[in-house]
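The following report describes one model, going from a single helix to a whole chain and then to the contacts between molecules.

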Protein chains: 2
Amino acid sequence: MSDDELPRVLRLLWGHEERRRGPKPAMSIHDIGTAAVKIADADGLPAVSMSRVARDLGYTTMSLYRYVSSKDDLYAVMLDEAYGEFAVSYPARAGWRRRMTLWAEAARDVLTQHPWVLQVPLSEPPLSPNQVGWMEAGLQAFADTGLTEQEKLSSMLLVDVYVRGITQLMTYMTVANSADGLTEQEADQLYAKRLDQLVDPERYPAVSAALGSGSLSDDSDFAVNEFDFGLKGVLNGIAALVDRRS
Amino acid sequence: MSDDELPRVLRLLWGHEERRRGPKPAMSIHDIGTAAVKIADADGLPAVSMSRVARDLGYTTMSLYRYVSSKDDLYAVMLDEAYGEFAVSYPARAGWRRRMTLWAEAARDVLTQHPWVLQVPLSEPPLSPNQVGWMEAGLQAFADTGLTEQEKLSSMLLVDVYVRGITQLMTYMTVANSADGLTEQEADQLYAKRLDQLVDPERYPAVSAALGSGSLSDDSDFAVNEFDFGLKGVLNGIAALVDRRS
DNA sequence: GGCATCTGTCTATGATGTAAACAGTTTCTT
DNA sequence: AAGAAACTGTTTACATCATAGACAGATGCC
């Protein structure tokens, strides 16, 4: 298990860095991740630039490149930081369904608190410690199901996909457009109004009906039940597989 | 239904542009969309820049801004172009389940053919003609279900979320990393190898087990059945709701 | 003590998205 | 018919970005 070929970031993230010669590093990837996450939380992902992160830390732009070899690396660090350690412990007698629900809700909470996570352009599979930790927890949820490893993996990814998608949808409907100085309500209403301007009821009867019902301009209680509703469906799909295997 | 307050792009996309004074436009948003999509298909989304699109069309960078007021607008045009008109017609006697399956498969096909769609940073809700057309088709699938408009919308979005997520997962596992001159197989193996380097079997038993089973380095037949598997689960979730309403 | 190796910094480069001013073209008004 | 008004694509300009390369100083090993 030599670290030789591993990218620098990974060695730093996993704490595999050995004694080195030169001056002691003044910051850590952890510092960098914290600073970057803070910026993204406050001003959105586009506000995260190498120079901004460095400035907030009190160093020059290029200093970051001693820890991170590219902006993609920075993104990876940010994700690791945003997810943090998977801190939920499954109740002793909980079945896979309950465990997976807890996992999904924890993931949802992360995404709700850091909506920019869904905008991070992914270019590599997750290899950071916390990401692997979440993966471990997700797979453990299926420990006693009799599923094959491949099936456990697929099932976990399915739930992950669902959580990401539904959260994206929800934050997208509430947070996204409020950057232009619009409240979410105003943004919703503007959307509905424009749809109304554009959509011919004869050609788009179903959209018109939805529009007329106010479903589009009123998102009350949408977010609340939507998550559980869909998750139940997804878990049912997995349950079919589990039953077949046992 | 005046177009007064509508952004230019929308008027152009919907063909609501009236007679104007100056010289006749030399290109159309359609041309721009086609060019941009071609670039994204060939070289990926990051390759799509204002200058590149303009150059490919034979004009200067700034000329695009006569049609599109920002890069976000360009993205909207690209999405409209990529989705195209929803061309599937539901069989006469098909139930909502069959209709929604057709819709989902059509959406999957679009995403498979234009993987970059999932990387487009969304900043506004969909208002382009083709997007609305897909929305209409999706809502129509639930026409005779007795669901409320809100529920139809939620159900459609749920399926959409699923399709986007699962497709992202699949293309992400096969296409993404092949940019660095790695085949997908090589990328998978590199990933598995690095995980193996980093993951302590005692601390990450489930990940280790998955790794040991080869599930991570061998993605054969993953894509094939995965889509239907998950979609069935999602539709079952919706079916529960439909049954309750009828 | 000297050398290799690391640190953060400085300077430089090419690419990007977009604002502003411009000259030419078409249509509308008179 | 003539001029004004509105639009076209172009040119020039700028701030910001990610990142490459060279540098002087710091630290640990021989």
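## Helix H6 of chain B

In this predicted model, H6(B) is made up of twelve residues and reaches 16 Å from its first C-alpha to its last, which is close to the 16 Å expected at 1.5 Å a residue. Buried positions in H6(B) are Val132(B), Trp134(B), Met135(B), Ala137(B), Gly138(B), Leu139(B) and Gln140(B).

## Chain A

Chain A contains ten helices and zero strands, and its C-alpha atoms, taken along the principal axes, fill a box of roughly 75 × 55 × 30 Å. Of its 246 residues, 37% count as buried. Where contacts in chain A join residues at least 6 apart in sequence, 68% of them link residues at least 24 apart.

## Contact between chains A and B

The contact draws 55 residues from chain B and 55 residues from chain A. On the side of chain B that touches chain A, at least two residues each come from helix H6 (129-140), helix H7 (149-174), helix H8 (184-198), helix H9 (205-213) and helix H10 (222-245) of chain B. H7(B) gives the most to this side, with 14 residues, and by class the side of chain B that touches chain A has 33 nonpolar, 14 polar and eight charged residues.

## Surroundings of DNA strand C

DNA strand C is surrounded by 25 residues, of which Gly22(A), Tyr59(A), Met62(A), Ser63(A) and Ser49(B) are the closest. Helix H3 (residues 50-57) of chain B gives the most to the surface near DNA strand C, with three residues, while the classes on that surface are nine nonpolar, eight polar and eight charged residues.

Note on methods:
Residues are numbered from 1 along each chain as its sequence is written. Chains are lettered from A and ligands numbered from 1 in the order in which they are written. This is a predicted model: local features need pLDDT of at least 70, side-chain atom pairs count only at pLDDT 80 or more; totals for chains, interfaces and linings use all residues. Two residues are in contact if their C-beta atoms, placed from the backbone, lie within 7 Å. Helices (H or I, at least four residues) and strands (E, at least two) are DSSP runs, numbered from the N terminus. Ala, Val, Leu, Ile, Met, Phe, Trp, Tyr, Cys and Pro count as nonpolar, Asp, Glu, Lys and Arg as charged, and the others, Gly among them, as polar. A residue is near a molecule or strand if its C-beta atom, placed from the backbone, lies within 6 Å of it. The expected span of a helix is 1.5 Å times one less than its number of residues. A residue is buried if 20 or more other C-beta atoms lie within 10 Å of its own, exposed if 12 or fewer, and partly exposed in between; C-beta atoms are placed from the backbone.
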